[in-house]
Amino acid sequence: MNLTAQTGTSKNAEFGVVTRLKRLLGIDTNQQKYAYAEDPRFGYISESRVADTWTRTTCGYCSVGCGMLIGTRDGEPVAARGNPDHPVNRGKLCPKGLSEHQVLRAPGRATTPMLRRGGRGTPLVPVSWEEALDVMVSRIGALQEAHGTDTLGVIGTGQLLTEEFYTLGKLVQLGFQSRNYDGNTTLCMASAVSGYKLSFGSDGPPGAYADLETADVVLLVGSNIADNHPILCNRLRSNPEQVLIVADPRVTKTAMLADIHLPVKPRSDIALLNGIAHILLRDGMIDRDYVDAHTEGFDDFVSFAADFTLQHVSDVTGLSVETIERVAHLYGNAKAAFIGWTMGVNHSTQGSVTVAAINNLAMLTGNIGRAGASPFSITGQCNAMGTRESGFASSLPGYRKFDSEHDREELAAIWEIPAHRLPTARGLAYPDIIEAAVAKRVTALWFIATNPVVSFPNFKLLQQALTTAEFVVVQDGFFPTPTADYADLVLPAAIWGEKEGTYTNSERRISKVNAFATPPGEARSDFDIFLTLAEKLGVKDVLYPGWSTTHDAWLEWQRVSAGRMCDYSSFTWQQIEENGGMQWGGERLYEDGIFPRENGRALFHCVPCLPFTEQPDSDFGLILNTGRTVEHWHTRTKTGAVPILNNMMPNAWLEMNPVDAERLQFRQHDRVNIVSRRSSVTNVELRITGIVAPGQVFMPFHFAEQNSNQVTLGAFDPISREPNFKQCAVRVERCRYA
Ligand SMILES: Nc1nc2c(c(=O)[nH]1)N[C@H]1C(S)=C(S)[C@@H](COP(=O)(O)OP(=O)(O)OC[C@H]3O[C@@H](n4cnc5c(=O)[nH]c(N)nc54)[C@H](O)[C@@H]3O)O[C@H]1N2
Ligand SMILES: Nc1nc2c(c(=O)[nH]1)N[C@H]1C(S)=C(S)[C@@H](COP(=O)(O)OP(=O)(O)OC[C@H]3O[C@@H](n4cnc5c(=O)[nH]c(N)nc54)[C@H](O)[C@@H]3O)O[C@H]1N2
Ligand code: SF4
Ligand SMILES: [Mo]
């Protein structure tokens, strides 16, 4: 909803900023307003950049979910600001948010459907929507006729509106009738979901951002919020007594903020967590009343944890005995302790059980469901939560279970369809869909708002899947993209800023997202594309009776979520917008200590610490870690097109410790190749730095030209199917052609 009626205040605010700037530069602030536009020192603040309308919305990058005001002039986006009234960010934005309006008019937006009319090997040519969607329905239909409906594999995302996820899930599972539907969230949040289910019986991060303010101990495990959730850093240190502990093999910007940095050896987190539990048990620092009232499996856990002696944990983690003891005592003595984690935990073949080991600590000490006390999965994408709740991929909408007859019947009754139409088990997970495509069990692939050529591990196997599949559709807001190179059909999508609905952030806050610009060319919203496909399949009236807008999807999703843990039914879009978002489940879950397991108790898990899959050896002697930097978003379709961000970090680099650089006789800024058993990345700038430990190297995964996923490993968590992006064995060689 736009705030044109209130522009008075917003314009005054803008004038305030300019006035302050002018004062700083000694310009007479009583001059006419246009004067500063003509002053060369204000070259960048011209009249043409002064908004005539401000629209409230929510940031479309990360899961922090900052509230923003977007300024438009004559319908064109010209400015972005933090919304000072928003409870999440209180007026602040990080560099990506501040420049987000620039994404919409950046070069490279997809503007027309494109079809490889002459087949593979011929160019993609512009076609009409009519032809594009007719071809899509008939090609997929023919393949399904020949190979069964599950031959269609669909990979979604955490970056659509909740209303769009809800619509897409029904379209894939009930319209196209394929169970093989998953999302890029399996590359991201799947282990957090599985870990929460293991311990508590359901997904759902129990805490809130406010806990970062109240906690007296904050332990971040494999989470670099200073780069990746920057606005959360503002919450730290509100409590002057607070101790910040960061476990990360790298000295990240977040580690530099910490009181105690734990430079754990890669994948030794489980040993650390079990070791802390061992000390808490040994020194009587547990909340026995909480354990007795609200958990099960305690006795087994006590005998299991006994093996994690200080010396053993010190050997495995590389931390000193004193440090481990100190951290355990800080955690045990805290009135309220918070453990946050992100991809340093989830991106592992042991991700789900590491989450369970984190939950064990919270259960032992009763650090759940109270202010400041939570085991908290910090999510990644703007709407990773929305797809977890409404998505119909890893569970039925509303956190219902595929294997529960009751859940299926309940859902079928709301939808007025026979219950037997609902699948009784989930289909293949993302990596298994890719393997099935290689094995020709999946012959059609449809990618929506994800760019796997850069983001999926072990590119060689993915490439085989993309070339073996008979029909590949890529639906993206940008064109060309590295994945579109493999597409038979490209569908141009509207993106954030061009559509209306909701996102749900890491603290379960449902936030309003508003349109303030029109999509370029013929690009259409994902929602429109889904409804048109439903029409062509002849299922529109059954699945989406009378729907024309995302609000229709919202109203049905409200009914579907009513009475469930993720209950959206009591909020209207207007309330959500006016309140700066509403948290489903209230501020905190599990305040009563009752968990959604059959007996209401949270379950302790005995989690062994295993070495990671691909250990370094004499041929591949270094451990490659991959991740992110503040300036870029994932595969850079968006941030690569925003000059102010891209110019700060235009190329990939490899971090290497001085000890290794000296041994390998490299010099600062040498060009190097990174080689693994699978493939290599060539011509990368070497940065010799103590940020990484000896024996380890790090590179960002953002760059298609120097794609880290050429070398990463196709090893997956057996429970969540999440890839082990954070460790594989490589060697580094001097690039001969640089
Ligand atoms: N600027 C920016 N922000 C983003 C994103 C982006 O692309 N750019 N992406 C968003 C998304 S989708 C996500 S999922 C989040 C990710 O947010 P983060 O998880 O913070 O990001 P990463 O850099 O992938 O990994 C975090 C850390 O895990 C550490 N790590 C590696 N191995 C281990 C280990 O064995 N143990 C421990 N304890 N740590 C380890 C790495 O050194 C790294 O510093 O960021 C979100 N925010
Ligand atoms: N080596 C390594 N690999 C990783 C990771 C790592 O740490 N290391 N991190 C993993 C993680 S956590 C994640 S989340 C993934 C992310 O990986 P991807 O999902 O591949 O990353 P994005 O670049 O965000 O891709 C989203 C695409 O959707 C398009 N898009 C944006 N908005 C819209 C929209 O509204 N509609 C449509 N149709 N398209 C839109 C964008 O242009 C972009 O091409 O990468 C994973 N890959
Ligand atoms: S912290 Fe995340 S949500 Fe907030 S402005 Fe930055 S990218 Fe957007
Ligand atoms: Mo992610």
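The model is predicted.

**Stop 1: the annotated domain**

Select residues 52–108. The unreviewed UniProt entry lists this span as "domain: 4Fe-4S Mo/W bis-MGD-type". The span is 14% helix and 35% strand. Its end C-alpha atoms lie 27 Å apart.

**Stop 2: ligand 3**

Now show ligand 3 and the residues around it. Cysteines in this shell include Cys59, Cys62, Cys66 and Cys94. The shell divides into 9 nonpolar, 2 polar and 1 charged residue.

**Stop 3: aromatic pairs**

The structure holds 28 aromatic pairs. Pick Tyr196 and Trp341. Their ring centres are 5.6 Å apart and their planes meet at 55°, so this pair is tilted. Tyr196 is in helix H7 (residues 190–200) and Trp341 is in strand E12 (residues 337–341), so the pair links parts 145 residues apart in sequence. Both Tyr196 and Trp341 are buried.

Move to Tyr430 and Phe456. This aromatic pair is also tilted, with 4.9 Å from centre to centre and 40° between the planes. Tyr430 lies in helix H20 (residues 430–438). Phe456 lies in the loop between helix H21 (452–455) and helix H22 (459–468). The pair therefore ties together parts 26 residues apart in sequence. Tyr430 is buried, at 0% relative accessible area. Phe456 counts as buried at 2% relative accessibility.

Next, colour one aromatic cluster. Its members include Tyr166, Phe392, Phe402, Trp415 and Phe527.

**Stop 4: charges over rings**

Select Arg250 and Phe698. The charged end of Arg250 sits over the Phe698 ring, 3.5 Å from its centre. Then select Arg524 and Trp129. Here the charged end of Arg524 sits over the ring of Trp129, 4.8 Å from its centre.

**Stop 5: strand E21**

Finish on residues 622–627, strand E21. Is this strand enclosed or open? In E21, 6 of the 6 residues are buried, so the strand is largely enclosed by the rest of the structure. Side chains in a regular strand alternate between the two faces of the sheet. Leu622, Leu624 and Thr626 point one way from E21, while Ile623, Asn625 and Gly627 point the other way.

Strand E26 (residues 728–734) pairs with E21 in the antiparallel sense over 3 bridges. Ala729 in E26 is the bridge partner of Ile623. Strand E25 (residues 696–700) pairs with E21 in the parallel sense over 5 bridges. There, Gln696 stands opposite Ile623.

Notes: Residues are numbered from 1 along each chain as its sequence is written. Chains are lettered from A and ligands numbered from 1 in the order in which they are written. This is a predicted model: local features need pLDDT of at least 70, side-chain atom pairs count only at pLDDT 80 or more; totals for chains, interfaces and linings use all residues. Side-chain values use heavy atoms; hydrogens and water are left out. UniProt positions are given in the numbering used here, feature names are shortened, and annotations may be inferred rather than shown by experiment. Helices (H or I, at least four residues) and strands (E, at least two) are DSSP runs, numbered from the N terminus. Rings of Phe, Tyr and Trp (its six-membered ring) pair if their centres lie within 6.5 Å; planes under 30 degrees apart count as stacked, over 60 as edge-to-face and the rest as tilted. Buried means under 20% relative accessible area, exposed over 50%, partly exposed in between (1.4 Å probe, protein chains only). A charge sits over a ring if NZ of Lys or CZ of Arg is within 6 Å of the ring centre and within 35 degrees of the ring normal. A residue is near a molecule or strand if one of its heavy atoms lies within 4 Å of it. Ala, Val, Leu, Ile, Met, Phe, Trp, Tyr, Cys and Pro count as nonpolar, Asp, Glu, Lys and Arg as charged, and the others, Gly among them, as polar. Two strands pair if DSSP finds at least two bridges between them.
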